Amino acid sequence: MIRLDETQLLRCSGALADLLTDTVNGGASVGFLAPLDRAEALAWWEERAADVAAGRLAVWAAHDRDRVLGTVSLAFPAKPNSRHRAEVVKLMVHRDARGRGLGRGLLATAEGAAAEAGVTLLHLDTETGSPAEQLYRSAGWTAIGAIPDYAASPDGELRPTTIYYKRVPATALTR
């Protein structure tokens, strides 16, 4: 797994867009409706570059030659009273790479990087009943509840979302 800087993110934005379209068009709820157009996915990834450059977002990608098979990001809040926490966002694994531990590896990468940055609390949300819930539970995440009709699935149906958190031991004082 490689942590992408702004230049690297822009350089592989096409491959990231392909991953995003595969994820959404395969039924995963990651904030977009299906069918997701590649141009829209590409623009979304390119817009993330400024946040990466500013340190508000950290993005990792798992590559297989010229393809991105998976990604995960950490979003860091800007408010002074919340710098001890981060949100795990856009954990995605290409449909033909699932079931091989890549999602678990990406999650562990984000957790480790959070600890190194001095983050002691992580949170995330995922569609209730999705396969991702098993991953989070088995990785020691705690579900705190579900919000009904929180987000539309890729097919437009309103679905509940479960919120999770995990405490991580800090290995650095600040980020």
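The legends below describe a predicted model, in which local features need a pLDDT of at least 70 and side-chain atom pairs count only at pLDDT 80 or more, whereas totals for chains, interfaces and linings use all residues. Residues are numbered from 1 along each chain as its sequence is written, and side-chain values use heavy atoms, with hydrogens and water left out.

**View 1. The salt bridge between R38 and D18.** The side chains of R38 and D18 form a salt bridge with an N to O distance of 2.5 Å, the term standing for a side-chain nitrogen of Lys or Arg within 4 Å of a carboxyl oxygen of Asp or Glu. This pair links distant parts of the chain, since R38 belongs to helix α3 (residues 38-54) and D18 to helix α2 (residues 13-25), 20 residues apart. Helices (H or I, at least four residues) and strands (E, at least two) are DSSP runs, numbered from the N terminus. D18, with a relative accessibility of 37%, counts as partly exposed. The structure holds 8 salt bridges, and two others are shown in the next views.

**View 2. The salt bridge between D96 and R67.** Here the side chains of D96 and R67 meet at 3.2 Å, N to O. D96 lies in the loop between β4 (85-93) and α4 (102-116), while R67 lies in strand β3 (residues 67-75), so the pair ties together parts that are 29 residues apart in sequence. D96 is partly exposed at 45% relative accessibility, and R67 is likewise partly exposed, with a relative accessible area of 33%.

**View 3. The salt bridge between R159 and E127.** The closest N and O atoms of R159 and E127 are 2.7 Å apart. This pair, too, links distant parts of the chain, with R159 in strand β7 (residues 158-167) and E127 in strand β5 (residues 121-127), 32 residues apart. R159 counts as partly exposed at 25% relative accessibility, whereas E127 is buried, with a relative accessible area of 14%.

**View 4. The open sheet of 7 strands.** The strands follow the order β1-β2-β3-β4-β5-β7-β6 with mixed pairing, two strands being taken as paired if DSSP finds at least two bridges between them. The edge strands, β1 (2-4) and β6, each pair on one side only. Neighbouring strands of this sheet are turned by 30 degrees against each other on average, direction ignored; the axes are lines fitted to C-alpha atoms (for helices over the stretch in contact), and angles run from 0 to 180 degrees between N-to-C directions.

**View 5. Bridge partners within the sheet.** Strands β6 and β7 run antiparallel and are joined by 7 bridges, with G145 standing opposite I163 in β7. Antiparallel pairing also holds for β3 and β4, which are joined by 5 bridges, and here the bridge partner of G70 in β4 is V93. Strands β4 and β5, by contrast, run parallel and are joined by 3 bridges, with R85 standing opposite L121 in β5.

**View 6. A146 and T128.** A146 lies in strand β6 and is partly exposed, with a relative accessible area of 48%. The C-alpha atoms of A146 and D125, 21 residues apart along the chain, are separated by 9.1 Å. T128 has its place in the loop between β5 and α5 and is partly exposed, with a relative accessible area of 22%; its C-alpha atom is separated by 4.9 Å from that of T161, 33 residues apart along the chain.

**View 7. The largest pocket.** This pocket has a volume of about 920 Å³, the volume being the space filled by probe spheres set on grid points that are joined across faces, edges and corners. On a 1 Å grid over the protein atoms alone, a pocket is an open set of points where a 1.4 Å probe fits, with protein on both sides within 12 Å along at least five of seven lines, and lining residues have an atom within 4 Å of a point. The lining comprises 33 residues, of which V30, L91, T126, A132 and Y136 lie nearest the centre of the pocket. At least two lining residues come from each of β4, α4, β5, α5 (132-138) and β6 (142-152), and the largest share, 7 residues, comes from β4. The lining divides into 16 nonpolar, 10 polar and 7 charged residues, where Ala, Val, Leu, Ile, Met, Phe, Trp, Tyr, Cys and Pro count as nonpolar, Asp, Glu, Lys and Arg as charged, and the others, Gly among them, as polar.

How values were computed: Buried means under 20% relative accessible area, exposed over 50%, partly exposed in between (1.4 Å probe, protein chains only).
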